[in-house]
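Student: I would like to learn how to read a ligand site and a helix pair. Please go through them with me.

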Amino acid sequence: QPAYGGDSPQALSLNGKTKDEPLGRFRVAKRELGQIFNNLKETVQELESVYNAADEKIIQKEHKDGVKALQESIKTILDTFRRDNMKCVFFGRTSNGKSTTVNAMLHEKILPQGMGHTTCCFLQVQGCDEEQGYLQLDDNPKRIDLDMLGKMGHALSSENSDLPAMGQDSLLRVFYPKGKGATTNRLLQNDVVILDSPGVDLSPEFDAWIDKHCLDADVFVLVCNAEATLTQAEKNFFLRVAKKLSKPNVFILNNRWDASAAEMDNVENVKKQHMTRFQQFLVNELEVCTEREVAKRIFFVSSREILDSRLKERGLVNKAYQMDGYQERALEFQDFERHFEQCISRSAIHTKFQEHNRRALEIIDKMKQNIESVHGLAQDEKRQLEHILEESTRIFNECRMNFAQFEKAYREQVIFLIKRIKEISTLLKDY
Ligand code: GDP
């Protein structure tokens, strides 16, 4: 079992405060599981060299092939394992504030946002160790300048002949330096990958979207416009997700809640209405959480206010947009982030690492079977040798007995001959 969040020295060692941080638990679990797989790799290597040096009668081709297959499995797991991350997908209608929410969570204006700006493809933000960020389109390894992000992610980019035409389900990866900005990229530093999607109102191929981008998602965030109601397109998308993934983790953000500042009289009623509707959606229609859990899944926030205040804190803007009741919304946003981090880390550890854990046990089991088969053959060989030794000893003893009998007969014969020679000598003497 990966020992994450336990009291082991390793669990405490990341900045000394990892133990209680949900995102840190994922990193500790990843590091420990990585050590287990490296140990496993070394053990199988050692086994290979022992097999290569051993007698071919005992170590047969199937044993050596078995070891090779184990090495292949470990390599494949290590390759996927290194890419494992905590993935979150943002959905919602165009202009509900998805990009603004992602930027607020990253404390940085990374994704293009704004009135009339429509994201035309999937934009995936993830951390990189390089000092300079870059873009990559789908699986093309060619690095594109980060400055191109605004143009490439924009809905109109396909009309621009200089840029590659991109389908709605294309993926533009944004590699952003983990170290850039002060505390800004805590999410990126901890292997959180954020996927922003084109608006669900763009009548997409939901199934293709889900198959291509969402099957490995740990958390889904539906960004709604608190001033409007949930549309059928938004509902349909999540109904498909719930069909394809077993019990997905869904958060609902009622964004633009700053608008409620203008409606002080009615605000509690509006909030109650939204809450009832979303509760019904998550608990009864999607069946992804219970009534008790739902309070930790629905939040009323203003991503624009949060992003502005975080940018102002870093001295990147002079004035932050804030409406009455900002403090309450800011606390609610932080509350969302706390639950989001706990949920994404728990989900990623359970779904991704539990599977690796299962594979590690499977590999150990196969290695044990392989060694036991060799041990069985070695036992047979030993038994055969013992039998040959027993036979040889029996034959030797038999020969020794026969020799003793022969020696006795020979001795008697010699004594008889000597006696006869003596008698003849006496006779001759008498002559
Ligand atoms: P997306 O299409 O869902 O990614 O939406 P964007 O993040 O690009 O936001 C569209 C517009 O809504 C931008 O002009 C944002 O500044 C604005 N916006 C986003 N969140 C809020 C919010 O909480 N309050 C207000 N008043 N405006 C917001």
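Tutor: We take the ligand shell, then a pair of helices. The model is predicted, so local features need pLDDT of at least 70 and side-chain atom pairs count only at pLDDT 80 or more, while totals for chains, interfaces and linings use all residues. Residues are numbered from 1 along each chain as its sequence is written, and side-chain values use heavy atoms, with hydrogens and water left out.

Student: How many residues surround the ligand, and which are the closest?

Tutor: A residue is near a molecule if one of its heavy atoms lies within 4 Å of it. Here 18 residues surround the ligand, and S95, S99, T100, R256 and D258 are the closest. By class, 2 are nonpolar (Ala, Val, Leu, Ile, Met, Phe, Trp, Tyr, Cys and Pro), 5 are charged (Asp, Glu, Lys and Arg) and 11 are polar (the others, Gly among them).

Student: Which polar side-chain atom lies 3.2 Å from an oxygen atom of the ligand?

Tutor: A polar contact is a pair of N or O atoms within 3.5 Å. The atom at 3.2 Å belongs to S302. A polar side-chain atom of S99 lies 2.7 Å from a ligand oxygen, and for S95 a backbone N or O atom lies 2.7 Å from one. Taken alone the ligand exposes 580 Å² (Shrake-Rupley method, 1.4 Å probe), and the protein buries 91% of that.

Student: Which helix gives the largest share of the shell?

Tutor: Helices are DSSP runs (H or I, at least four residues), numbered from the N terminus. The largest share, 3 residues, comes from α4. Both α4 (98-106) and α10 (303-313) supply at least two residues each.

Student: At what angle do α4 and α10 pack?

Tutor: Two packed helices are described by the angle between their axes and the distance between the axes. Axes are lines fitted to C-alpha atoms over the stretch in contact, and angles run from 0 to 180 degrees between N-to-C directions. For α4 and α10 the angle is about 35°, with the axes 8 Å apart. Contact (heavy atoms within 4.5 Å) involves residues including T100 and A104 of α4 and I306 and L307 of α10.

Definitions and conventions: Polar contact = N/O pair within 3.5 Å; in protein donor to acceptor, adjacent residues only side chain to side chain.
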